[in-house]
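I opened this model to look up its sheet, its cores, its charged pairs and its backbone exceptions. The entries are kept in the order of looking.

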Amino acid sequence: MSLIEPPADGDRPAEFYFARLAYSDPYGMRIEGDRPWMIDSPAAERHFLQGLRRLSNIDSRSQEVYVHAASEGLFEYPWIYVVEPGHWALTDEEADGLREYLLRGGFIIFDDFHGTYEWAMFMRGLRKIFPDRPVVDLDPADEVFHVLYDLEPGEQIPGVQMLYTGRTHENDGIIPQWRGVYDDDGRLMILINHNMDLGDAWEHADWPHYPERYTAMAYRLAINYIVYSMTH
């Protein structure tokens, strides 16, 4: 768990809450702070939320919330963030809850997983939610990339490991992939950042060694995702 002081106004109600999904995984002996769904938290959220308040007019809470996949609390948040889904092990109850959440208008971002093995593990869980819905590569012209910032997705946003390995990729995840799942009305309800780590770019926003251009793009992408979710 990345430590950062709680914001003084962290309990103030707001229109937008940064909700991170807590899901079942194979690591039951680990303490909660070491579970894959907790990677980069809370520093990633708290740094990003500072930027969201500075760069937009979105009324956002300055402190993160965690919501369990099988909880009724899912339906309180139009936007949910999921990290390390290459390590999830969804129960049937969790899959059913996430399916209902998405079909009722929810929006989920997947981030920070890399390579073919983690993709296969991610798809195992996704197929419990939607056995048949296609996962498609997102067109760079898709509205989600242009709803506020006019972006051209393409450059890989690396984790901090880049500073030690000299590589922007992890495992065999060389090519960044923006993928998604649409509902029957053409609304994007799942957005997948594969072979990328937006969370690290937010978490290390105040660290001079992590390149600013990656953090800047990670902020802009996420703000677009939020605006899209709140307007569609």
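My notes on the model follow.

**Ground rules.** I am working with a predicted model, in which local features need pLDDT of at least 70 and side-chain atom pairs count only at pLDDT 80 or more, while totals for chains, interfaces and linings use all residues. Residues are numbered from 1 along each chain as its sequence is written, and side-chain values use heavy atoms, with hydrogens and water left out.

I looked up the strand order first. The model has an open sheet of seven strands in the order 2-1-3-4-7-6-5, with mixed pairing. I took strands (E, at least two residues) and helices (H or I, at least four) as DSSP runs, numbered from the N terminus. Two strands pair if DSSP finds at least two bridges between them. Strand 2 and strand 5 are the edges; each has a single partner strand, so one side of each has no neighbour in the sheet. I then checked strand 1 against strand 2, and they pair in the parallel sense over four bridges. Within strand 2, Val67 is the residue opposite Leu21.

**Helix 6.** I asked which strands helix 6 lies across. They are strand 3, strand 4, strand 6 and strand 7, and the helix runs at about 160° to strand 4. Contact here means heavy atoms within 4.5 Å. The axes are lines fitted to C-alpha atoms, for helices over the stretch in contact, and angles run from 0 to 180 degrees between N-to-C directions.

**Cores.** I listed the nonpolar cores next, each being a set of buried Ala, Val, Leu, Ile, Met, Phe, Trp, Tyr and Cys residues joined through side-chain atoms within 4.5 Å. Buried is under 20% relative accessible area, exposed is over 50%, and partly exposed is in between (1.4 Å probe, protein chains only). The largest core has 37 residues, and Phe48, Trp79, Leu191, Trp202 and Tyr225 touch the most other members. Elements giving two or more residues to this core include helix 1 (43-55), strand 3 (79-83), strand 7 (188-194) and helix 6 (212-231). Helix 6 gives the largest share, 10 residues.

Apart from neighbours within four places in sequence, its contacts include Trp79, Phe107, Val144, Trp178, Leu191 and Asn193. There is also a second, separate core of 32 residues, with Ile80, Leu90, Trp119 and Leu126 among them.

**Salt bridges.** How many salt bridges does a search of the whole structure find? It finds 13, counting a side-chain nitrogen of Lys or Arg within 4 Å of a carboxyl oxygen of Asp or Glu.

- Glu64 pairs with Arg46, with the closest N and O atoms 2.8 Å apart. Glu64 sits in the loop between helix 1 and strand 2 (65-68) and Arg46 in helix 1, 18 residues apart. Glu64 is buried at 7%, and Arg46 is buried at 9%.
- Arg104 meets Glu100 at 2.8 Å, N to O. Arg104 is exposed at 56%, and Glu100 is partly exposed at 40%.
- Arg133 meets Asp184 at 3.1 Å, N to O. Arg133 is in the loop between helix 3 (115-129) and strand 5 (136-137) and Asp184 in the loop between strand 6 and strand 7, so the pair ties together parts 51 residues apart in sequence. Arg133 counts as buried at 18%, whereas Asp184 is exposed at 68%.

**Asp183.** I stayed in the loop between strand 6 and strand 7, where Asp183 also lies. Asp183 counts as buried, at 16% relative accessibility. I looked for polar contacts, that is, pairs of N or O atoms within 3.5 Å; within protein, one must be able to donate a hydrogen and the other to accept it, and residues adjacent in sequence count only if both atoms are side-chain atoms. The Asp183 side chain reaches the backbone nitrogen of Asp185 at 2.9 Å and lies 2.8 Å from the backbone nitrogen of Arg187. Not counting residues up to four places away in sequence, Asp183 touches Arg133 and Met189.

**Backbone exceptions.** The Ser41 to Pro42 peptide bond is cis, with omega near 5°. Pro42 is in the loop between strand 1 (19-22) and helix 1.

I also noted two non-glycine residues with positive phi: Asn171 at about 55° and Asn195 near 65°. Are they buried or exposed? Asn171 is exposed at 53%, while Asn195 counts as buried at 4%. Asn171 lies in the loop between helix 4 (162-165) and strand 6 (177-182), and Asn195 in the loop between strand 7 and helix 5.
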